[in-house]
Structure formats: structure tokens, C-alpha cells
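Please view the sequence and the structure first.

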Amino acid sequence: QVQLVESGGGLVQAGASLRLSCAASASIFSIKAMAWYRQAPGKQRELVANIITGGSTNYADSVKGRFTISRDNVKNSVFLQMNSLKPEDTAVYYCNAVVTTSGLQRGIYWGQGTQVTVSS
């Protein structure tokens with residue numbers, strides 16, 4: 001069973017930075033794509049950024065220029081560097097990955113979520 005373990009959330013003031021980390025724990029053959037989503041109270045979960053094999057990235061318009069997604073293929077990890085945080089970035093952030101296990105089973109997996117709160 002693939003588990004995605006997130007860390008790095010917290011409470012910060014507007015303008016501060018945070019770095020989220022997510023590591024996949026299992027016997028993994030490959031990870032096609034990894035992503036960060038977020039869900040604010042009363043809103044739908046939305047894509048923040050994703051990164052696919054080869055390093056291509058995609059960002060939501062609201063975070064372009066402020067957030068940077070990166071991955072460590074050796075450690076099966078993905079990171080989200082968040083700079084110039086705004087109160088509207090407040091949400092639970094979820095890690096997501098498209099994983100092929102060592103048993104060659106492909107699936108989409110989610111982390112448990114980490115809270116990011118930005119005060120004004």
C-alpha cells in the first residue's frame with residue numbers, strides 16, 4: 001500500500017515562506033506525476049501545482065511566481081516552496097501522486113493533508 005506522508009505546514013504571517021514536503025513510502029516502481037492540491041473551508045479542492053516525469057511543471061494562476069514545485073526522484077518525494085504567502089493561501093494542502101508499485105499496479109494516491117494558515 002502506497003502512503004504519502006506530508007510535512008511542513010503551519011501558521012505564518014502574510015509575506016512569509018513555508019516549504020511543504022511529501023514522501024511516498026512503499027515499494028515503488030515509478031512515479032509518473034506528483035502534485036499539490038489545496039482545499040479552503042467551503043471551497044472545492046483545487047490544483048496548486050504539478051510536476052511530471054522529466055520535470056515539466058504546471059501552476060495555478062494564483063500562485064505563479066510565488067510557489068515552486070520540485071521533486072526528488074531518488075527519494076520519491078515532492079516539495080512545494082511557498083513564498084510571499086497571502087491570507088487567501090490558507091487551506092489544507094494535499095500531496096497527490098500517480099504511482100506504479102513494484103507489483104506494477106498503477107494508482108492515484110493522496111496524503112492526509114497539512115494545514116497552512118496565513119494571517120494578515
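## Terms and model

A salt bridge here is a side-chain nitrogen of Lys or Arg within 4 Å of a carboxyl oxygen of Asp or Glu. Side chains of opposite charge can pair when their charged atoms come close.

The model is predicted: local features need pLDDT of at least 70, side-chain atom pairs count only at pLDDT 80 or more, and totals for chains, interfaces and linings use all residues. Residues are numbered from 1 along each chain as its sequence is written, and side-chain values use heavy atoms, with hydrogens and water left out.

## Fold and dimensions

The chain has 11 strands and zero helices. Both are DSSP runs numbered from the N terminus (helices: H or I, at least four residues; strands: E, at least two). In sequence order the pattern reads β-β-β-β-β-β-β-β-β-β-β.

The radius of gyration is 14 Å, which agrees with the value near 14 Å for a compact globule of 120 residues. That radius is taken over C-alpha atoms, and the globule rule is 2.2 Å times the number of residues to the power 0.38. Along the principal axes, the C-alpha atoms fill a box of roughly 45 × 25 × 25 Å.

## Contacts and surface

A contact means heavy atoms within 4.5 Å. Of the contacts between residues at least 6 apart in sequence, 55% join residues at least 24 apart.

Buried residues account for 43% of the 120. Buried means under 20% relative accessible area, exposed over 50%, and partly exposed in between (1.4 Å probe, protein chains only). The accessible surface is about 6400 Å², with 48% of it belonging to carbon and sulfur atoms.

## Charge pairs

The chain carries 11 positive and 6 negative side chains. Lys and Arg count as positive, Asp and Glu as negative; His and the chain ends are not counted. The whole structure holds four salt bridges.

Arg38 meets Asp89 at 3.0 Å, N to O. Arg38 sits in strand E4 (residues 28-39) and Asp89 in the loop between E8 (77-82) and E9 (91-101), so this pair ties together parts 51 residues apart in sequence. Asp89 also bridges to Arg66, with the closest N and O atoms 2.8 Å apart. Arg66 lies in the loop between E6 (57-59) and E7 (67-72), 23 residues from Asp89. Asp89 is buried at 1% relative accessible area, and Arg66 is buried at 11%. Shared partners join Arg38, Glu46, Arg66 and Asp89 into one network.

Lys64 bridges to Asp61 at 3.1 Å between the closest N and O atoms. Asp61 is exposed, at 66% relative accessibility.

Conventions
Accessible areas come from the Shrake-Rupley method with a 1.4 Å probe; for residues, only the protein chains shown count as cover. The place of a charge is taken as NZ of Lys, CZ of Arg, CG of Asp or CD of Glu.
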